[in-house]
Structures are given as C-alpha cells and as structure tokens.
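Me: I'm new to this one. Could you walk me through how to read it?

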Amino acid sequence: MFLQEPTPDTSGYMIAGYAIAFLVMALYVFSMYLRTRNLNQDIAMLEEMDKPAAPAETTQPKPRPKKAAKVVTKRAG
Amino acid sequence: MQPKPVLLKILDGLAVILLGVATYFALVKAPTEQVMGQVQRVFYFHIGTAWTALLGFLFAAVLSLVFLFTRNLKWDRFQVAAIEVSLVFFFITIVLGSIWARPAWNTWWTWDPRLTTAAITELIYIAYFMLRQGIDDPDRRARFGAVYALIGGISAPITFFAIRLYRTIHPVVIAGGNPEAQGGFSMTPSMLNAMFVALIAFTVIFIDLYWNRIRLGNLEDKVEQLKLKVML
C-alpha cells in the first residue's frame, strides 16, 4: 500500500483536451452559421439581379384597366 | 430562406443537452484512473468522436455508391455533408489522442500503425475537398468526388482494425486486449457508463450537424443555380 506510486497530476492535459474539443466544435458551428448567412445574402442579391430581367422576358405589358382611365378623364374635364 | 424544421430545432437542443451530459459523466461521474490520472478522461470524447467519424466516412462511401447508380446530385450533397462533419470529428479524435499520448507514452506523436492510418485517413479527406475545389462542373465534381470517397472509405475500416491486425502500442479497450499496449486500462462500470453516454451524445451531435450541413449544401446548390440563371 505504502509502496504504491501516487497518481500523476495530468489535469493540465485533460483541460487542454476538453478546451480544444469544445473550441473546434464551436468554430465549426460558427463557420456553418457564417456560410449560411453569406449564402442567404448571395441568394437575396441574385434574386434581386434576376428581377429586372423578368418584365423583359414577358411578351406584353398589362393593359390599363378601363375604369381607371375613366376616372382620369373625368378629373381632367 | 427556408425556416428550420421543428424537428431540427429539437435536435439542436438535444445535441447541446447531451453534450453537457456527456461532459458531466466524463468529468464528474467517471472515476479517476489510478495510473494515468485525469488525462484518461479525454478517452470518452476521443472514442465518441472516433466512432461517429469512422461511421460517417463509411456512410459517405455508401452515399457515393448511391450517387453513382442514380446520378442524382442530392446524394452528392449528402455525401459532402457526411465527410465534412466526420473530418471535424476525426480531427478532434486525433488531437485528443495526441494530448493523451504525451503523459502516457511520453511523446505527442509516434508512427504507430493506428496513428499512421488515422493520419492518412484525415489527409485523404482533406484532399477530397481540395479535389472538389478544383472542379467547376457540378456533375463532373460529383462523379469524381463519389469515386474518391468510395475508395477513401476503405481507410475507415483499416484504421479501425489497425490495432487488431498490426503490432501496436495503442490500447484496445473494446472487444479484446493488446498485451503490447502502453497506457491500457480496465474499465469500471461507471467508466463504461460514461463511454456509452459519450457514444450516444456524439451520435446525436453528428446527426444534428449532418442535417444542418445538408441544409447548407442545399443553399450552395441554390446559389449555383441562381448564378447560372443570372448569367444566361
């Protein structure tokens, strides 16, 4: 019993190990968050760029509603 | 932007809780190993991350096969997600192993069969992403990636069985002992409990991160399609 070697103090290694494990996981989750945010910004920008091209693609502009035209003429008169 | 499914939100929460529980079991509930001291506690996260990472690499190889048969790019996104999360987990495994080795073997690193095969596996999958970065055409990239991941998948069982097939100083804790191992230890019931909690926790964390990474892959795909639409 008295000859038994004492347990070595290796708590520094343990703390370093857990700190690195948590840090790597946190960094990975953060990188996923950043990538998702950037991609959403890209999507918003690309959709915005795609919008002005949309009316040009359609064949004809919508005709003016007749009712509205009447109101305008009345007011003018 | 697609809203997060409720099930994924629940899984996110569960993953965080289980990570806390696994940490509690590893640091508080499990007893201190008499020969190595506190550093032995890194074993629980070491084995948890190794288990999920190696299974993830194998899963990616299966997904590669599915892609090669169906040629549906959805399977390519699933495969990339599996490999990326596994790569992160396996990096943690290697770093934790190295930290444990310093007091146990008196060195940070040695070219033991297990350590060598683990390092090769990690490098194979880092190269996988480098390969993908170099190919612009999505179909070609997916095809090359699938073949590479299929062949690379062989490294996972080789790494797992390295300590059972070759002379090594790495301990064999589960299913069999290694008389030449340095730093091996016998598991008490509370150590086994902590190990199984870590295995369950890291499996859930892996599934959660994997799902989130698939969603990220879908966004990447959408951006690629929109870019093509805008350019044409």
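**Reading chain B**

Reply: Start with contacts, meaning residue pairs whose C-beta atoms, placed from the backbone, lie within 7 Å. In chain B, 74% of the contacts between residues at least 6 apart in sequence join residues at least 24 apart. This is a predicted model, where local features need pLDDT of at least 70, side-chain atom pairs count only at pLDDT 80 or more, and totals for chains, interfaces and linings use all residues. Residues are numbered from 1 along each chain as its sequence is written, while chains are lettered from A and ligands numbered from 1 in the order in which they are written.

Me: How many helices and strands does chain B have?

Reply: Helices (H or I, at least four residues) and strands (E, at least two) are DSSP runs, numbered from the N terminus. Chain B has seven helices and zero strands.

Me: How do I describe two packed helices?

Reply: Use the angle between their axes and the distance between the axes. Helix 3 (residues 73-105) and helix 7 (residues 189-231) of chain B pack at about 130°, axes 8 Å apart. That makes helix 3 of chain B oblique to helix 7 of chain B (under 35 degrees is roughly parallel, over 145 roughly antiparallel, 65 to 115 roughly perpendicular, the rest oblique).

Me: Which residues of helix 3 and helix 7 of chain B meet?

Reply: Among them are B:F78, B:V85 and B:F89 in helix 3 of chain B, and B:F206, B:L209 and B:I214 in helix 7 of chain B.

Me: And what is the overall span of the C-alpha trace of chain B?

Reply: Along its principal axes, the trace of chain B spans about 70 × 40 × 25 Å.

Definitions and conventions
Axes fitted to C-alpha atoms, helices over the stretch in contact; angles between N-to-C directions. Contact = placed C-beta atoms within 7 Å.
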